[in-house]
Amino acid sequence: MKLQAASRYSWWLFFFLAATAEGNLETPSFGSGILYQYQYSLESQLSFLSRPTLQGSKLQAEVVVDVNLLWSNTDNAGEQLLQIQFHDLRINRDLEKEDQTSQGHSVKGSQNATELQQPFFLHWNKGKVEAFYVAKEENPLILELKRGLLSLLQFQTHSGTVTEEDISGNCQVTYAVSKDTVLKTKDLENCIRPKFGFSTANKIFGLLWHPTSKSHYVIEGNLIKSASSEENHIIYQGIKSSAGFDITSRQHLEFLAQMPGSKELSGKNLQKILNSLLGKPQPISLTSQPFKRICSECPTLRSYLKTFAKKKIKLDLSKAQTTWHFSRVVQMLRSAKKKDILLLLKKAPENMLPFYIEAAIAAHSTPSLVAVTEFMDLEGRKQMSLQENLLYAAALSPRPSKELFRLVLDRLNNKKLTKASWEAGNMIIGSLLGKLCQMNQCGLKEVSFAKEAILKKLHGSKTDWEKMMHLSSLKSTLLPEFIPTFLYYAEEGSSTISAAAVTALKRFSTEHITSTVKMAMRRIFHEVKRKYQKHSRLAAAEILLDNNPSQMDFINIVLASKILSPEMQIFILSKILSIISSDNHPTRQLIKDVLKDPRINNYHYFSPKDGRSISFSGLLAATEDASSTFGVELLFSDFGLLQKSTTNFDIESHGHRLQAAQVVVEAKGLEGLLGGDATEEQVDFKAGMSAILLDVPLRPVTFFDGYSDLMSKMLMSSGEPMKVIKGNLLLVDHQQAVPLQSGLQAVITLQVGLGLDISADVNMNMWAQEFNTSIISRGALTVDFQAEVDTSFFQATLKSQSDIELGTNVEILARLTLGPMLMCLQLAEQPVSYREKFFVSESSANYNTHVRKGRRGTIPGHGFPFYRANSKMCKVLLAGKNLQ
């Protein structure tokens, strides 16, 4: 018996020591007939990441909190109903400022202070918030402050990880208990809360959010001696981490004293107690209910209609002033009624209609989309010229909705649509599909219907022109589910269709280039089943080289290149050399390892070849967050004439990639024109250009189709450049709520506008046998980045506005001689002007402050160097041109 007692005693001792080490605490509770008084303080700081020396906004507030026990469950001592009341609120704007001599000011007598002092009721069970109630409807911002305090009172006295609901939503929380303290860590990134705001579909332009939240409790017996929490939120643009905000929020609750309080109410039924206190009580959600601050000073569409709507405003898309005007109109249309938007469209001057159509699409409100639909359907008006504006505005939308998608589908079902608009609409529909799927909207009926419709049209197309259009649409979706379709047309399609399908596969990331895709690319490159055009074979080789090739893949490509035509051979070798010279290409090391073998790396395979084809890529700019690259591919015929020129501009950031722009200039049949013997398949004499902007394919532009068309355009040419795309759009449209545990509410908005004017100018001198193509891009980018912090007695706003005006010229100069063509490719960036402004404003019942700072400057323009052979040809051609 003594042995058993000793054994039992040792187990109890072990359990006690383990519990003491872990720090199991008493269940917190409040005593009957006692009024507990606490000092509760809030603090928030809001600052710019890019300008740490510019003082942001700071708030410190203190209030006394009374806690009184109204009811407790006799069967469960930890379950209680508490009455909580704020009083004696004092605000300190910024205690660090020299002119702040007093410790703050009291907010007594105001309506907000009166509402804040209204008592609220907490159903509390062993430190967990079961529900809370108020006596009557209150200001939403005051409710947020009360949610903040109750969230601080949400904790447990034993270690572990649980899911809790508080002002941040349903969050995973980890507790660590030691002696008389509790440490609480909240995973804010994965909290589930009501949807608010919107974000851009393309992740490369999205915002990154890094939050942290920790709370610390000191318990003495069953009394909460102190509780404090600190949250930090760093929010910035993924593509530029210096552009963003740092938000810090702190709470601290400190026990002051206890004194006689009201007696506890008798009764076992909590609901009856609540009914006696509140009538018909309705529990209020503990999760934050964010909302956007209403701008009382912002212009309205009605006031705009009275002043600017009828005026002919000069729209220079290369100027930031035009893009800022576009962004302001978008904001006005978001809060406008349909009848006012329709009135704007009806009264607008003809030259302003495209501008307002693009703004209405960018506004994304139901009234704006309905107004555009009704305006376009008005009888007796010639709106066909605006159809392309509408379609491209929809395709380039940063966050398309199903309502916008339906609008585009309705436009495409319009039998009166011009051929050009119908072609543009069928090409861009894929971009909308892809963006909707990025926004987790792939399950929409309209999306499924559109996918099936594109595939049906593709399979039913009788001409290569129609198939090309639908393949381009599928390509712009960037959806892996269409890879089998591309593979089918890559292997079975005509030479033109095969090349288009293989080129589409180049847009997919390595994870989607499976063994099945690689097997098909091998068959195409090595012509296992049939003959393929050079464009298809070279694109297949590029896919193999760019996506984790095996050593045998690389060796076989090198060996096969020896029996290819000289232009194909030098194209592949230049591609390999470009990979080796790259700093971050994933295939670089594998190629270097293989080339250690002298049987592969020798003069026989890598000696200089006669030919001018090239595959070249280079770095335009790089930061810690993003890199932008340009690539040039020039493919010549064996006769020595340029067949295809492809220029790519790509942006990569945090694992995301965007094809910012691609310009393809293609010429066919020039050999026959110059009297040469075409050694390749006979094709018509034609030239044209296709382009991609922000992953959206634009309708191809035909320079000429046949000799007679060329001569007529040369004779009747107006000398004006040909428009490729011209208009305004929102590149980024983002709104995000950041509920702070303190009860303060932060809302982040980012709007990036882009005005763009791209034109092409083609000149061909038949007598001098010279061909000159200029692609001129002019644009303006505006960035409006804003953070608002609100509570019932204080508002703070930090805003950064920046704009940049920029332009690039791409020049292709060629001399079409009876021999190897001389060609010069030039890329030049025009001088860039930029401007930045920073605003800090604070307002409260007793003060208003506004601070504004800014800077501006100009960056000189410069040219970008290409490969060495291009520089030599440019010297020859430009020297001859200067002598003329």
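Predicted model: local features only at pLDDT ≥ 70, side-chain atom pairs only at ≥ 80, totals over all residues.
User: How many disulfides does a search of the whole structure find?

Analyst: The search finds three.

User: What makes Cys171 and Cys191 a disulfide?

Analyst: Their sulfur atoms lie 2.0 Å apart. The cut-off is within 2.5 Å, so the pair counts. Cys171 sits in strand S8 and Cys191 in strand S9, 20 residues apart. Both Cys171 and Cys191 are buried.

User: Why is the disulfide of Cys437 and Cys442 called right-handed?

Analyst: The torsion about its S-S bond is about 70°, so the link is right-handed. The sulfur atoms of Cys437 and Cys442 are 1.8 Å apart.

User: Why is Cys437 called buried?

Analyst: Its relative accessible area is 13%. Buried means under 20%, so Cys437 is buried.

User: Why does Cys442 count as partly exposed?

Analyst: Cys442 has 25% relative accessibility.

User: Are Cys824 and Cys874 buried or exposed, and why?

Analyst: Cys824 is at 0% and Cys874 at 9%. The cut-off for buried is under 20%, so Cys824 is buried, and so is Cys874.

User: Why is Gln55 called partly exposed?

Analyst: Gln55 has a relative accessible area of 45%. Exposed needs over 50% and buried under 20%, so Gln55 is partly exposed. Gln55 lies in the loop between strand S1 and strand S2.

How values were computed:
Residues numbered from 1 in each chain as written. Heavy atoms only, no water. Helix = DSSP H or I, 4+ residues; strand = E, 2+ residues; numbered from the N terminus. Buried < 20%, exposed > 50% of the residue type's maximum accessible area, 1.4 Å probe, protein only.
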